[in-house]
Amino acid sequence: MSEQVLLVEHEGPVAVVTLNRPRAKNALDAELLGALLETLPRLGADASVRAVVLTGAGGAFCAGADLKNAMGSLQAAGGFDAIMDRYHGIIRAIVNAPKPFVAMVEGPAVGFGCDLALACDLRMFGQDAYLEERFVKIGLMPDGGGSFWLPRLVGLGRAMEIMLTGDRITADHAVSLGLANHVLPSAELRGETMKLAARLAKGPPLAYAEIKSAVRKSLGSTIDEALDREKAGQVKLLQSADCMEGVLAWMEKREPSFQGK
């Protein structure tokens, strides 16, 4: 019986999705790619899942595309356009999900693996974690949204340096640039990440969905368009049961119990 290439655990309302090809540093082959394409949209639509943690097994996050099997995958999938659409489906599933995605990164997040981490809403790094947009070292360009995320996270000049050199960004450097939210000792990484995810899972799902949508769309819009989106989202939220529960909980000095209604 072959080992599952993607593991999904549920800790209450938190789903932990683990890339499980440790011998290949969780590089994405056709099987793992297919499993992610099936799993991530399903978790995004599952109302019982309130937050998702994305990580890798064996001390690595993701070493990008499995180049050893890349040509066979290209032929099986019908060429470059088709296979790229499959990779991009993973990024879109994370971005379009109405709930928080947290990348828990140990070891390498390289190539598409780097872009996969950057697509998540929050990033928790172990001390040995690193990012590397190494596409340029094999004559390629970022293809998982790196050219979109990096200028917005670190500014144009630093983004160009990261992509044009393909240099490694250590965990401490990543947090100083704003590419990681927190850097933790490896022994504490899972515990602290799960604490964060559990905290997010207690939050208001409708508000999270509106916040993610507004923030993502604001990246290519004017302030007037952003304000219009905020107004539309806020009017919707003000009429929700979650908003009423939040106000009541504040008045009664207790923790709110949000239901996503």
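Is Phe148 buried, partly exposed or exposed? Phe148 is partly exposed, because its relative accessible area is 31%. Here buried means under 20% relative accessible area, exposed means over 50%, and partly exposed lies in between, with a 1.4 Å probe and protein chains only.

Good morning. The structure is a predicted model, in which local features need pLDDT of at least 70 and side-chain atom pairs count only at pLDDT 80 or more, while totals for chains, interfaces and linings use all residues. Residues are numbered from 1 along each chain as its sequence is written, and side-chain values use heavy atoms, with hydrogens and water left out.

I shall stay with Phe148 for a moment. Phe148 and Trp149 form an aromatic pair of the edge-to-face kind, with 5.1 Å from centre to centre and 85 degrees between the planes. The rings of Phe, Tyr and Trp (its six-membered ring) pair if their centres lie within 6.5 Å; planes under 30 degrees apart count as stacked, over 60 as edge-to-face, and the rest as tilted. Trp149 counts as buried, because its relative accessibility is 7%. Phe148 also has Arg152 over its face, at 3.8 Å from the ring centre. A charge sits over a ring if NZ of Lys or CZ of Arg is within 6 Å of the ring centre and within 35 degrees of the ring normal.

How many aromatic pairs does a search of the whole structure find? It finds two. Helices (H or I, at least four residues) and strands (E, at least two) are DSSP runs, numbered from the N terminus. Tyr87 is buried, with a relative accessible area of 10%, and Phe112 is buried as well, at 3%.

Let me turn to the nonpolar cores. A nonpolar core is a set of buried Ala, Val, Leu, Ile, Met, Phe, Trp, Tyr and Cys residues joined through side-chain atoms within 4.5 Å. In soluble globular proteins, nonpolar side chains tend to be buried together. The largest core of this model has 51 residues, and Leu36, Phe61, Leu116, Leu131 and Leu179 have the most contacts inside it. Helix H3 (residues 80-96) supplies the largest share of this core, seven residues. Apart from this core lies another one of 15 residues, including Ala51, Met104, Ala197 and Ala201.

Which residues does Leu36 touch, not counting those up to four places away in sequence? They are Leu6, Val17, Leu19, Leu28, Pro41 and Ile90, where contact means heavy atoms within 4.5 Å.

Leu6 and Leu19 also face each other: Leu6 stands opposite Leu19 in strand E2. Strand E1 (residues 6-11) and E2 run antiparallel and are joined by six bridges; two strands pair if DSSP finds at least two bridges between them. E1 and E2 form a hairpin with two residues between them, and Gly12 in the turn has a positive phi of about 65 degrees. On its other pairing, E2 runs parallel to strand E3 (residues 51-56), again over six bridges, and Val17 has Leu54 as its bridge partner in E3. Strand E2 (residues 14-19) is mostly covered, as six of its six residues are buried. On one side these are Val14, Val16 and Thr18, and on the other Ala15, Val17 and Leu19.

Met104, in strand E4 (residues 101-105), is buried at 5% relative accessible area. Its contacts, leaving aside neighbours within four places in sequence, include Leu54, Phe61 and Met124.

Finally, an open sheet of three strands has the order E5-E7-E8, with mixed pairing. Why is one side of E5 and of E8 left without a neighbour in the sheet? Strand E5 (108-110) and strand E8 (168-170) stand at the edges, so each has a single partner strand. Strand E7 (residues 130-132) pairs with E8 in the antiparallel sense over three bridges. Glu132 stands opposite Arg168 in E8, and Arg168 lies over the face of Tyr130, at 3.7 Å from the ring centre. Thank you.
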